Amino acid sequence: MDATDAQQDAVDTALLALLKANAREPAASLARKLGLARSSVQARIARLERLGIIQGYTLRQDPGSSRLIRAYVLLSTNPKMLSRIVAEVKRITEVESLSAISGTYDMMAVIAAQSVQDIDRVLDLLGQVQGIERTMSSLVLSDKFRR
């Protein structure tokens, strides 16, 4: 890796950090902060999208404004049924994400719903998914910070 590659990596890292803080920030503003031309910033963003480093843009809503209750659910699963489990859990709209994790449990689901009763209903649905052997859930009481 030569000095140009290192500089490009550092600029890309700085650009990604700025986009993470505000994905809607105008390219001209990003360019000023990075000391680049607007066209260079746009080209970098396009390249990062092409490479799959930037995979999309999303809305991050204030959790207090939506009154959503979130829960983290650890799942112990049968590894031979992983693709079926993922497909079935993906159909549950309240499940925001499903991640493979290390440790005692195999996966973690993040659930967001309007009420504790809705969370309970989703937990029941997860318990019915063939291949999920055990769950452990925790309700989110408050966010100390989110990125």
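Mentor: Gladly! Let's begin with a definition: a salt bridge is a side-chain nitrogen of Lys or Arg within 4 Å of a carboxyl oxygen of Asp or Glu. Keep in mind that this is a predicted model. A search of the whole structure finds 6 salt bridges.

Trainee: What makes the contact between R44 and D12 a salt bridge?

Mentor: Set the value against the cut-off. The N to O distance between these two side chains is 2.5 Å, and the limit is 4 Å, so the pair qualifies as a salt bridge. R44 sits in helix α3 (residues 38-50) and D12 in helix α1 (residues 3-21), 32 residues apart, and the pair links distant parts of the chain. Both R44 and D12 are buried.

Trainee: Why is E25 called buried, and why is K33 called exposed?

Mentor: Buried means under 20% relative accessible area, and exposed means over 50%. E25 has 12%, so E25 is buried. K33 has 53%, so K33 is exposed. The side chains of these two residues also meet in a salt bridge, at 2.7 Å from N to O.

Trainee: How do you know that D143 is partly exposed?

Mentor: Partly exposed is what lies between those two cut-offs. D143 has a relative accessibility of 32%, so D143 belongs in that middle class. Its salt-bridge partner is R70, with 2.8 Å from N to O. R70 is at 7%, under the 20% limit, and therefore counts as buried.

Trainee: Why can one say that the D143 and R70 pair ties parts of the chain together?

Mentor: Because D143 lies in the segment after β4 while R70 lies in strand β1, and these parts are 73 residues apart in sequence.

Trainee: What makes D12, R44 and R47 one network?

Mentor: Their salt bridges share partners, and that joins the three residues.

Trainee: Now for the strands. How do you know that β1 and β3 are paired?

Mentor: Two strands pair if at least two bridges are found between them. Strand β1 (residues 69-77) and strand β3 (residues 107-113) are joined by 7 bridges, so they pass the test. They run antiparallel, and V73 stands opposite A109 in β3.

Trainee: Which order do the strands of the sheet follow?

Mentor: The order is β2-β3-β1-β4 in an open sheet of 4 strands, with antiparallel pairing.

Trainee: Why are β2 and β4 called edge strands?

Mentor: β2 (95-100) and β4 (132-139) each pair on one side only. Neighbouring strands of the sheet are turned by 20° against each other on average, ignoring direction.

Trainee: Which strands does helix α5 lie across?

Mentor: Helix α5 (residues 82-90) lies across β1, β2, β3 and β4, and runs at about 165° to β2. Helix α6 (residues 116-128) packs on the sheet too, touching β1, β2, β3 and β4, and its direction makes about 145° with that of β3.

Trainee: How many helices and strands does the protein have?

Mentor: There are 6 helices and 4 strands, running α-α-α-α-β-α-β-β-α-β from the N terminus on. Of the 147 residues, 29% count as buried.

Definitions and conventions:
Residues are numbered from 1 along each chain as its sequence is written. This is a predicted model: local features need pLDDT of at least 70, side-chain atom pairs count only at pLDDT 80 or more; totals for chains, interfaces and linings use all residues. Side-chain values use heavy atoms; hydrogens and water are left out. Helices (H or I, at least four residues) and strands (E, at least two) are DSSP runs, numbered from the N terminus. Buried means under 20% relative accessible area, exposed over 50%, partly exposed in between (1.4 Å probe, protein chains only). Axes are lines fitted to C-alpha atoms, for helices over the stretch in contact, and angles run from 0 to 180 degrees between N-to-C directions. Contact means heavy atoms within 4.5 Å.
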